[in-house]
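Let's go through this one together and check each label against its cut-off. Have a look at the fold before we start.

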Amino acid sequence: MFTIPEQFSAASKANFESQLALLATLTSKTFEGVEKMVDLNLNVAKASLEESSAAAKQFLTVKDAQEWMALAAAQAQPNAEKALSYGRHLASIASGVQAEFNKAAEAQIAESSRKMLELVDEVTKNAPAGTESAVALMKSAIGNANAGYEQLSKTAKQAADALEANLNNAVGQFTQAAPKAASRASKK
């Protein structure tokens, strides 16, 4: 039979190891997200250089202002769409990393809560008579902390979903406005 200090020591060690595992997971997910962003930025930079070179060659062949305006207007729409696509990709990467963080944190909290309740149950098996209300209070506090975290997690997810919806709405409005602006620019 373990003594209470040994039980708390074992629980503290397990909790510390669990937190290290969570930190390792979060670090790994962060690096994966950074790697995806670097890949995206390298691809965008490469494509941008190629397209800029092609556009510069086209602009060098322009003979008058009207032709220059038409070419500039023709470049506006694809460039706006590419910028929106880039923004969507960045948002997607950030959203994916956030989801991975939430998943890892939720698993950590659930495991820690389970272990804490096991420890409380184990310790209270040998508790003196009359401490039932204190044990119930402790279990209630753990349950309330878990409920609070779950609510915070739900609120954070709702905020992320609202941000994504607003971004998609802005992208949609910009996509609709870009052709109109390009056609107005070409008419001038």
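A salt bridge here is a side-chain nitrogen of Lys or Arg within 4 Å of a carboxyl oxygen of Asp or Glu. This is a predicted model, so local features need pLDDT of at least 70 and side-chain atom pairs count only at pLDDT 80 or more, while totals for chains, interfaces and linings use all residues. Residues are numbered from 1 along each chain as its sequence is written, and side-chain values use heavy atoms, with hydrogens and water left out.

Q: What makes Glu32 and Lys29 a salt bridge?
A: Their closest N and O atoms are 3.8 Å apart, and the cut-off is 4 Å, so the pair counts. Both residues sit in helix H1, three residues apart, or about one turn of the helix.

Q: Why are Glu32 and Lys29 called partly exposed?
A: Partly exposed is the range between buried (under 20% relative accessible area) and exposed (over 50%), using a 1.4 Å probe and protein chains only. Glu32 comes in at 34% and Lys29 at 22%, so both fall in that range.

Q: Why does Gln108 count as buried?
A: Its relative accessibility is 11%, so it lands in the buried class. Gln108 is in helix H2 (residues 65-125). Leaving out residues up to four places away in sequence, Gln108 touches Asn15, Ser18, Gln19 and Leu22, where contact means heavy atoms within 4.5 Å. Over the chain, buried residues make up 13% of the 188 residues.

Q: Why is the pair of Phe59 and Trp68 called tilted?
A: The structure holds one aromatic pair. It is Phe59 with Trp68, at 5.6 Å centre to centre and 50° between the planes. Rings of Phe, Tyr and Trp (its six-membered ring) pair if their centres lie within 6.5 Å; planes under 30 degrees apart are stacked, over 60 edge-to-face, and the rest tilted. So the distance makes it a pair and the angle makes it tilted. Phe59, at 26% relative accessibility, counts as partly exposed, and so does Trp68, at 41%.

Q: How many helices and strands does the chain have?
A: Three helices and zero strands, in the pattern α-α-α along the sequence. Helices (H or I, at least four residues) and strands (E, at least two) are DSSP runs, numbered from the N terminus.

Q: Where is confidence lowest, and where is it highest?
A: By pLDDT, the predictor's confidence in each residue from 0 to 100, helix H3 (residues 132-187) is lowest at a mean of 73, and helix H1 (residues 4-60) is highest at 88. The chain mean is 81, with 90% of residues reaching 70 or more.
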